[in-house]
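Please consult the sequence and the structure shown here alongside the notes.

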Amino acid sequence: MASWWLDGAEIQQLEGLKLAAGGRELSLQGLTLILGERLQLELREVRVSGWMGLAGLSDKPAAIDIQKITISDLPAPIDSTPQTRAEGSGKTATKNGAASHSDASSDTPAPSPQTADNTDAEPGTLSKLLPQLRELKLQAVRIHDLRWQDQFTGGLKIDITRQDDILNGVATHHTCAECQLHFKLHNLPDRLSLESTLGAPSTSAPRAVLRLSKIPPVTANSPIRWNAELSLQTATAPAIKVMENWTRITAKPTYTEAPADIVSGKISLSATAELPDKLQQLDQVANVAAALSANNIHVLLPPSISGLAQPLHLVANSTHTIELDLSSLHPLRVNSVIGNISLILDPAEDRTTNIGADIEPLVQADLTLSSDKISTVSLQGALNLERMNGIIPAHRVEALLGGHTLQNLNGNLHLTGKADLPSPQNVLQQANYSAGNIRVQLQSGGEISAQIVPQTEQSPLKTLGWHMPRVSLKLNEAVSLRATAWPGPLQLSTQALSLSVEDQADSAGAPRPPEQTLSATLSNVSCDNLLTANCQMNIDGSLSGVELPGGLRGKDLKLALRAKLGAEGGKTIAAPDRVTLRDINLAAKELVANEITFGQPELFAQSVLCNWQSDRLKCGTPQAAISLSPMTLPGNHLSGVIYLDYLTFHGTTKKEPISIDAGFRSDSLAIATGRTIELELSSSGRFHLQGGLLTGSSKVQIGDIALNSEWRHDLESAQGQLSVNLPETRFSTGKTLSQIVKGLPINIVDGSVTANMRLNWPEDHKSQPVDRIHLRLNSVSATYGDIVAVGISSDLTLISSGEQWITENTRPVTIQRVDAGVPIDNLHFEVSLAYNQDLRLSGFSGELLKGALTADALVWNLNGAERHSELAFTGISLNTLAKEMESENFAASGLLDARLPITTDRQGITIENGTLDARAPGGRLRYYGAFSPSMLTSNPQLKLIAGALEDYNYREIHGTINYPLSGDLKLNLKLTGRSEAVDANRDLVINLNLENNVPSMLKSLQASRNLTDVLENAVQ
């Protein structure tokens, strides 16, 4: 009987059953029930007054008092499988282990749908349960302690009373006075209303009303269905408080507590649906419609949610009710969702401080929900970036900007957008929370600006002279943001953005007017994933000026390139760690580095790849070209194109030096020195910069001249070294130095030259090694102006300690011939250059006019100090001199000796009181036309001398020689001899004073000859 009354519950244990009060009161000491397969109810100290009313044996209603009820889950059988359990229960196990009724083994036919007449109403249906509840003779129920293990902690006290068709109930937690549930159930034939309040009774407590009414049947066999109407109204703060209270007593709390005073507003919900008679049949629930409205909802988003440094204050209002239409509840199928929501988002602290102030919020937006097969949300709003100051976490900004922070962020952006919402069934099943097909557009005209502050002295911005630049970005065209799904990759595209940078502070951080301005246009910008900065764009920019360490200054720089940026695969949000630059063209009006000026330089590179890993930057390019037009040093010019091959750059944000390595080459560089010397050369080599030390090597080809060099320079100490090697290079009349280098005062036309050089700098640094130049000449023939030197051979080494050049030791020099108008042959001497800069030609000898030219030493001080030497002429042939002079009115014979005391100083060469003597037995002079006819007519004595010189045989010639700085050679001669024209038997003494400008005479002699013929004859 008890099992029948309990409608399918299985009594596992019954103890202490007693009847009292003349059989009117029934008590149980304990009762254990099994509900279904897994739930057990244990009732203790049950007392039922008027129990006969419950059994239908009396009209007097009963009252039930239960001291304690414990609900617990039964453990699953240990040695039972789904198959054996199914067999034991008369059910068939399905593939996944669930059990279903077997028609072959069941003695009970499957239940048929209940019909409108209720005659076959199935247990557990509304059409049976509600009448039974209405007819039940029960006045009150009190449960002193209800405990549900693994569901909530502590116990509930439940009181239910009945008055006619109305049941009133209240459930209160023992330890949480505010954890209450109040309900009122009004059960009428074919309709029901249930009012419930969660929490302590008050006007603001969450309140819900559920109304059920039976739908009139269409036919007698129509299944029974019910109309359901639900309404819920609550203020958000009490609702949150109730959730916190009830969560606090659950055995497994999942809700994170939030202070109730930071959430306010009201929420209203109304819903309608058609329900099946058996509520377990959720798939029969149909025509579900719901309407939700939110009024002035205030929510505080903590930094753990917003990811920012401060909480955000969110205000939401439904400007149009949000309407939800479902065709099915199980499985969940949504027909449409429509409505409008306005959102305002602002920093919480600013919102509190500026209440009532007319300040634009951080975000202001209107959301529109709509459905056309797929539920979508539309967005229209504005973003005030000024409100972001102070709330962006500094460590994230520094990570994104490579150790720099932002200040004074400003700007306004207007945006529109649209996105597909995740399906409600996916959200409820926790299968997919992603929005899809997201499209957002930032309208053109918006502008963003911020000040970038370097945090270290090693910042690349400070290296470029930017101490506190302000960066502005203007949207010339609309910017489109797209995402197939969110969370997920975010795409960006726009046709044009304008970028400008102005430095507004000096190195000490003090404000100053902008000294250098960067302007750039970013066009055809597209990003496959904005969060990982996988972007590409074209950049055209200009920089008014730049000043770099080391004295490098630039004016009017222009840049054009295509850039591609990206982050390492797998990262969800990161600064770009990979940058590819293509079609780079960097030009400037002028670059100045100390005394070097680059006129209109240009840099070309097809591609540059940069990788950023942790705090290290690595860049490289297969090839770059630098155009110089020209590079100038004081008085020198270089122009042409230099190619850099496999250029690599390594840098770091730490206090570590950069590293640069590259090969270089140039097929044609034009060099002009002063206004006369010009040459073209080709060069190739490699340089490397590491730890402030620049090293390299190169090969230079100037026509047929090849030079090899190695060099190093310490940028910190400014110390360096250059080594140059010239392998043996041969010259000929068909391959002369002037054909290779134009404008040199000297030209090498024959012989070979070998040289090597090692130079160190700076010159005044005492710790530098000795500079050295080694020069080897082998049978060199050269010209210097109209002077010809043939057969020069020597092996010289010059060294310097940084102050003066000197010869390492005395070295012999031989010259086959020197012809400055009068040839000197077979010159021999030993050359030395002393520390006091005395250039000494020791053991000097040569052949002049078939005589000898000798000196113990000829000395010239290169600093201009006065020096004295003596040069001796021995056996000079007058006959040879006359022939060299190629004069038709002069002939002579005999030999002369001379001694010339030479003085050299800063002003030049002088000879004072030199002597000239003729060798015995003398010789003959024939000099015609020395004087004009008018002079001879007026001076009989002069006529006598002129006649004597026409045929004069001298025995002696004595004289003095003086050569002043003017170059006018003065000869005071005394000739003793006889002339047949005067008196063949008597001596005739002639005193003759001659004056001639030696430089002019030599030029005259040089002009009277063919230099090419002289050179060819001398070489042969």
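Helix α4 (residues 126–135) has as its buried residues Leu-126, Ser-127 and Leu-130, where buried means under 20% relative accessible area with a 1.4 Å probe and protein chains only. Viewed down the axis of α4, these buried residues fall within an arc of 100°, so they line one face of the helix; the arc is that of the directions from the helix axis to the C-beta atoms. The model is predicted: local features need pLDDT of at least 70, side-chain atom pairs count only at pLDDT 80 or more, and totals for chains, interfaces and linings use all residues. Residues are numbered from 1 along each chain as its sequence is written, and side-chain values use heavy atoms, with hydrogens and water left out.

**Cover of α4**
- The cover over the buried residues of α4 includes β11 (180–188), β12 (191–198), β13 (207–214), β14 (225–235) and β15 (264–276).
- Helices (H or I, at least four residues) and strands (E, at least two) are DSSP runs, numbered from the N terminus.

**Strand pairing**
- β49 and β51 (residues 895–905) run antiparallel and are joined by nine bridges; strands pair if DSSP finds at least two bridges between them.
- Phe-873 has Ala-898 in β51 as its bridge partner.
- Eight bridges join β51 to the antiparallel strand β52 (residues 908–918), and a hairpin connects β51 to β52 through two residues.
- Thr-904 has Ile-909 in β52 as its bridge partner.

**Loop residue**
- Leu-862 lies in the loop between β48 (851–861) and β49 (867–877).

Terms used
Buried < 20%, exposed > 50% of the residue type's maximum accessible area, 1.4 Å probe, protein only. Contact = heavy atoms within 4.5 Å.
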